[in-house]
Amino acid sequence: MSATAAPHARPARHVGRGAAGVRRLALLGTGTVGSAFVARYQRLIDKGLALPQVAWLANSRATQSCTDIGLLDALQQLGDAPRRTVVLQGWAEAEALHAGDIVVDATASELVADWHAEWLARGVSVVTANKLGQGALLGRAQAIVDAQCESGAHYGDSATVGAGLPLLSSVRALVAGGDHIHSVEGVLSGSLAWLFHHYDGSRPFSALVREAVAAGYTEPDPRIDLSGEDVRRKLLILARAAGLPLQAEQVQVESLVPAQLASLPLAGLDAHLGELDALLAARLHAAAAAGCCLRFVGRFDAGGASVGLRALPLAHPLAGGGGTDNRVAIGSDRYREQPLLIQGPGAGAEVTAAALLDDVLRIGAA
C-alpha cells in the first residue's frame with residue numbers, strides 16, 4: 001500500500017497549539033461556500049458553541065483581519081474590495097500562521113492547493129473543500145500525506161467528496177481495518193445527479209442545465225460539471241484513499257461537452273446550449289429502449305478507472321436516489337456479495353460549509 005493511502009504509516013511528530021496557546025482560524029475564499037461557512041460559523045457562535053477565533057479572511061481581492069471588526073463586517077469589506085488584475089498571494093506570508101492554527105480552504109484554486117503541504121509541514125492544520133490538493137497531481141497528494149505524517153497536523157478533507165457524506169472516512173476505515181477494496185463506483189456529482197434524475201425527455205436537456213445553473217447546483221460555467229473533470233478529481237481522491245495511486249491521466253473521461261461548446265467564451269455559452277439536446281436525447285432514447293436510466297458515473301477497479309455517462313438497469317445500486325444525491329457503492333473483501341452503499345445530498349454551499357465546520361470541530365477536539 002502506498003503512503004498516499006496510509007497517512008499513519010509512520011509515527012507522527014505531534015505539535016502544540018499556536019504561540020498564544022489558542023488555535024486560530026483563517027478562511028481563504030469568500031464566494032458561495034466561504035460565505036456559507038461564515039454564516040454557519042456565526043450561527044454556531046450565537047448558540048454558544050466554542051469555536052476557534054477567525055483571525056482573518058482572504059479572497060482574490062484582499063486579506064482582511066478580523067481582530068478589530070466583526071466577522072460579518074470583514075466579509076462585507078472583502079466583497080466590496082476592488083478586483084485585482086494580478087493574482088497575488090499576500091495571504092500566504094503576510095498573515096502569520098502558527099503551529100496549531102487551522103486554515104480553511106474554500107477556494108477551487110491550484111495556487112492555494114500548492115500551499116497545503118507547506119502549511120501542514122509547519123504544523124498548521126488544513127480543512128478544505130478544494131479538490132485540487134488530493135484530486136489532481138499525484139506528487140502533490142503525496143506531499144500532503146508526507147507533511148501530515150511528519151508534523152502531526154490534521155488534514156480535513158471530508159468536504160472534497162460527497163459534501164460531508166462519510167465516503168472518505170468509510171474508505172479509510174475499511175483500509176485501516178485490513179479490508180481490501182476491489183471497486184468503488186458512484187454518482188459523485190450533485191449537479192449531474194440532479195440533471196439526470198430530472199431528465200426524462202419532457203424538457204430539453206439545455207433547459208435543465210439552465211435551471212441547475214440558476215439554482216446554484218452547477219458552477220457558474222456548467223461546462224466544468226458537464227466535462228466530467230470534477231468527477232475525475234473526486235474519483236482520484238477516493239482511489240488514493242483506497243491505496244491505488246492513480247495518476248489523473250489514467251482515468252478515462254467522457255465529456256458531455258462537444259468541442260464546439262468547449263471553445264466558446266462563457267458569455268456566449270447560453271445561446272449555444274441547445275447543441276447538447278440532440279446528443280442527450282439520443283442517449284436517453286437508447287437507454288429507455290433497453291429499460292435503463294442514465295447516470296453519470298465514476299468507477300475504479302483492478303481493470304482501470306473511468307468517468308462518463310452510463311445506461312444502468314433500474315435495479316442497479318446507483319440507479320436510485322433523487323435530487324442532488326451522491327450514491328456510491330464500495331465493493332471489498334468484506335462487501336463482496338453486496339456493496340456498501342452510501343447515499344445523501346452531494347451538492348450545495350450549505351452542506352459543504354457544514355462539512356468544513358465539522359472538520360474544524362473535530363480538529364479542535366483532538
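**Exercise 1. Across which strands does helix H1 lie, and at about what angle does H1 run to E1?**

Solution. Start with the helix: H1 covers residues 32-46. In this predicted model, H1 lies across strand E1 (24-28), E2 and strand E4 (102-105). Next, take the direction: H1 runs at about 150° to E1.

Now look at the span of the helix. H1 counts 15 residues, and its first and last C-alpha atoms are 21 Å apart, close to the 21 Å expected at 1.5 Å a residue. After the helix comes glycine 48, with a positive phi near 90°.

**Exercise 2. Which residues of H1 are buried, and what covers them?**

Solution. First list the residues: Gly34, Ala36, Phe37, Val38, Tyr41 and Leu44 are buried in H1. Then look for their cover, which includes the strands E1, E2 and E4. Helices contribute too, among them H2 (71-80) and H13 (349-365).

**Exercise 3. In what order do the six strands of the open sheet run, and which are the edge strands?**

Solution. Reading across the sheet gives E3-E2-E1-E4-E5-E6, with mixed pairing. At the edges sit strand E3 (63-65) and strand E6 (155-156), each of which pairs on one side only.

Follow E3 to its partner: strand E2 (residues 53-58) pairs with E3 in the antiparallel sense, over three bridges. To place yourself in that pair, find tryptophan 56, whose bridge partner in E3 is serine 65.

**Exercise 4. Is arginine 223 buried or exposed, and what does it touch?**

Solution. Locate arginine 223 in helix H9 (residues 223-226). Its relative accessible area is 12%; buried means under 20%, so arginine 223 is buried.

Then examine its surroundings. Leaving out residues up to four places away in sequence, arginine 223 touches Val257, Leu261, Ala262, Leu264, Pro265, Leu266 and Leu269.

**Exercise 5. How many disulfides does a search of the whole structure find?**

Solution. The search finds zero. Check cysteine 292 as an example: the nearest cysteine sulfur belongs to cysteine 293, 7.1 Å away, and cysteine 292 is in no disulfide. The cut-off for a disulfide is a pair of cysteine sulfur atoms within 2.5 Å.

Finish with accessibility. Cysteine 292 has 19% relative accessibility and therefore counts as buried. Cysteine 149 counts as buried as well, at 2%.

Note on methods: Residues numbered from 1 in each chain as written. Predicted model: local features only at pLDDT ≥ 70, side-chain atom pairs only at ≥ 80, totals over all residues. Heavy atoms only, no water. Helix = DSSP H or I, 4+ residues; strand = E, 2+ residues; numbered from the N terminus. Buried < 20%, exposed > 50% of the residue type's maximum accessible area, 1.4 Å probe, protein only. Contact = heavy atoms within 4.5 Å. Pairing = 2+ DSSP bridges. Axes fitted to C-alpha atoms, helices over the stretch in contact; angles between N-to-C directions. Expected span 1.5 Å × (residues − 1).
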